Amino acid sequence: AAFSAYDELDWHIVAESLLSEFMASSEAIKFTILFVGFVSVALGVFLSMLMASRLIAPVIKGVRMAEAMSNNDFTQKLDIDRNDEVGLLAQSLNGMAERISRALSQVQDAAHQVSAATAEIASSSQNIADGAQQQFGSFEQLSGTVRANTSTAAAANDVAQAAAREA
């Protein structure tokens with residue numbers, strides 16, 4: 001019950017109401033607040049998960065591409081078409097993979113050219129060594145012939161001197 005006194009009028013006002021009637025509107029408000037709170041929390045969790053998956057999925061793809069690149073596989077590309085930082089990261093990773101692939105191809109081409117030039121130099125060196133060996137053999141043969149001629153000339157000289165003494 002509620003009581004109020006008005007002394008200047010010499011009145012006393014008493015109001016009475018059932019507690020259940022008085023609390024019925026607060027129970028409805030309490031239920032509404034709880035329902036709105038629950039729906040807000042559920043919606044917040046759903047939106048958070050949606051945003052997290054939207055951010056995490058491209059990052060996971062980027063990690064997989066980086067792992068492939070660490071295993072010398074530069075053929076992978078990220079198919080992420082976004083106009084935010086994640087999209088810029090995907091474009092950068094794709095460009096990096098392409099430049100590394102081109103650089104490796106150029107290094108492989110240069111290595112093949114060096115290998116071919118080395119084989120050609122080795123072949124030329126072997127030809128020079130074979131030619132030098134032949135010339136050395138020819139010089140030894142010539143030297144043997146010169147020694148034989150020297151011996152023959154010495155023997156002829158001895159015969160000539162002997163003939164000159166007898167004559």
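Author: N94 lies in helix α2, one of the elements taken from DSSP runs and numbered from the N terminus (helices are H or I with at least four residues, strands are E with at least two). The model is a predicted one, in which local features need pLDDT of at least 70, side-chain atom pairs count only at pLDDT 80 or more, and totals for chains, interfaces and linings use all residues. Residues are numbered from 1 along each chain as its sequence is written, and side-chain values use heavy atoms, with hydrogens and water left out.

Is N94 buried or exposed? With a relative accessibility of 16%, N94 counts as buried, since buried means under 20% relative accessible area, exposed over 50% and partly exposed in between (1.4 Å probe, protein chains only). Setting aside neighbours within four places in sequence, N94 is in contact with M65, K77 and L78; contact here means heavy atoms within 4.5 Å.

α2 runs over residues 85-166, which makes 82 residues. From its first C-alpha to its last, α2 reaches 119 Å, close to the 122 Å expected at 1.5 Å a residue. That expected span is 1.5 Å times one less than the number of residues.

Now step back to the start of α2. D84 caps the N-terminal end of this helix, with a side-chain oxygen 3.3 Å from the backbone nitrogen of V86. The side chain of D84 is also joined to that of R82 by a polar contact of 2.6 Å. A polar contact is a pair of N or O atoms within 3.5 Å; within protein, one must be able to donate a hydrogen and the other to accept it, and residues adjacent in sequence count only if both atoms are side-chain atoms.

R82 deserves a moment of its own. Its place is in the loop between α1 and α2, and R82 is buried, with a relative accessible area of 13%. A polar atom of the R82 side chain lies 2.8 Å from the backbone oxygen of R54. Not counting residues up to four places away in sequence, R82 touches R54, L55, P58 and G87.

The structure holds one aromatic pair. That pair is F31 and F35, stacked at 6.5 Å centre to centre and 20° between the planes. Rings of Phe, Tyr and Trp (its six-membered ring) pair if their centres lie within 6.5 Å, and planes under 30 degrees apart count as stacked, over 60 as edge-to-face and the rest as tilted. Why are F31 and F35 separated by about one helical turn? Because F31 and F35 are four residues apart in helix α1. An α-helix has 3.6 residues a turn, so residues three or four places apart point the same way. F31 is exposed, with a relative accessible area of 59%.

Finally, a look at the strands. β1 and β2 pair in the antiparallel sense over five bridges, where pairing takes at least two bridges found by DSSP. A5 stands opposite H12 in β2, and the bridge partner of Y6 is W11. A2 and A15 are 13 residues apart along the chain, yet their C-alpha atoms are separated by 5.0 Å. The hairpin has four residues between its strands, and D10 takes a positive phi near 60° there. D10 counts as exposed, at 61% relative accessibility. β2 itself is hardly covered: the count of buried residues among its five residues is zero.

How confident is the predictor? The mean pLDDT of the chain is 87, and 99% of its residues reach 70 or more; pLDDT gives the predictor's confidence in each residue, from 0 to 100. Among the elements of the chain, α1 has the highest mean (89) and β1 the lowest (79).
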